[in-house]
Amino acid sequence: MLITAGPVQPAYKDVLKHYNWPHMPVRMFTYLVGKDSTAASEMHKIACGNKGYFNRLNNRKDVRAQVLKYVQVMSRPLVMYQNEHPVQWTPVYRGGKGNSLLRDEVKYGQLMTSVSAPVFDRRNSTERVANLLGVVGTDIPIEQIMKLVQPYKLGVNGYSFLVDNNGHVLYHPDLRPMFQDTLKPEYNSVDLTEVELVDSDGGPRENNSMLLDLRHDMIDQKEGETDLTIKTDFNGMRVATRRNKYFYNPIDGTPFSLALALPEGYGMYETVGEEEIKRSTVNLSDLFKGDNWRLHPDWVYCEYNYASDHHFKSPEDQFLHFLNKVRRPGWKWMSQRHWTPQAVKDMKKLERDSYYCDKTLVQSLVYDAVVTQGLDQPARLDRPSNVNEERHPIAVLMALWRR
């Protein structure tokens, strides 16, 4: 944009001729303020010669309103020639308060991204117009995106992370934006190379070539896999090395790429233990009495899709709510989240009471509760045994271990 109230310097024409011609990647919009029309002809040539337009303004008060009209001009090709509405995602930023049910710290701010799409004027009229009516968008907490990749499915030391098209991470286990239980007020984007530390002989600021290749592939939204030996810490004190295998893939319809990091040798064995709730003879209410049990803070067992319409005192209270519904007639496990662009396009609006419930995770928790029932009252080996008394084998083991 070129806004002036006086004559135009000859250098403008030379700069545009050198950098913008003949393909014209930059469109020029020129505005002449005031009654002096000496530069009007030259301003008009600059605009029309660079796919823009020229406008005369009587006074400076009109500048803001008239300059914003360039948006309508820029949007005309989108309205006239595109059937799909282009979706835009923002980099990660510091947002406001959120749902504090699962995490206490989010009420002090949280990391977020925003998605938006233009709204075109597609009304039928005798004269075809190409107007941009506005923009529709919403803010998405990064914590909600993290829920789509359940950590328990990746193993103890496996993890996932998300990278945008600039190489900045949206979430990563070593991304620590919190300071004294509060999100840092001046949050700056963090590059992948700052959180994924490769074990190499180079200096602290020398990036590993294989890590850079991984970063570039994720930026370019390529699919692939690689191996890296990284440094990891335990409780912020001890440092160890681990060989990880990385699998990465772009997320359709977004500028983001998702990566899974699994330690070498993972995936060969899996321990499965579930209690089929509908067929169980155990009284589930007795298993979760009292307040001596907790849910994993990073795992999503069950939740409503419209969380703001349902209020619970704690994650445990929410779990018990769904546990009571499991055995009711007509219960259906909703263990899949289909959030691909095509699935969202074809999906009807969710009902207010629609929910997500992970069958494997819930039944595994119930199984753990059945197995560990009675551990809070360990068997006493110093008293005479009673033939009618059943001792829990793990309780006996714990009593022996205490000695």
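**Salt bridge at Lys-289**

Lys-289 is exposed, with a relative accessibility of 56% (exposed means over 50% relative accessible area, buried under 20%, and partly exposed in between, with a 1.4 Å probe and protein chains only). Its salt-bridge partner is Asp-286, at 3.3 Å from N to O (a salt bridge is a side-chain nitrogen of Lys or Arg within 4 Å of a carboxyl oxygen of Asp or Glu). Asp-286 is partly exposed at 38%.

**Basis of the model**

The model is predicted: local features need pLDDT of at least 70 and side-chain atom pairs pLDDT 80 or more, while totals for chains, interfaces and linings use all residues. Residues are numbered from 1 along each chain as its sequence is written, and side-chain values use heavy atoms, without hydrogens and water.

**Other salt bridges**

The structure holds eight salt bridges. One of them joins Arg-215 and Asp-191 at 2.9 Å, N to O. Arg-215 belongs to helix H6 (residues 209-219), and Asp-191 to the loop between strand S11 (182-183) and H6, 24 residues apart (helices, H or I of at least four residues, and strands, E of at least two, are DSSP runs numbered from the N terminus). Arg-215 is buried at 16% relative accessible area, as is Asp-191 at 10%.

Glu-225 and Lys-245 form another salt bridge, with the closest N and O atoms 3.4 Å apart. Glu-225 lies in strand S12 (residues 224-234) and Lys-245 in strand S13 (residues 238-250), so the bridge ties together parts 20 residues apart in sequence. Lys-245 is partly exposed at 28%.
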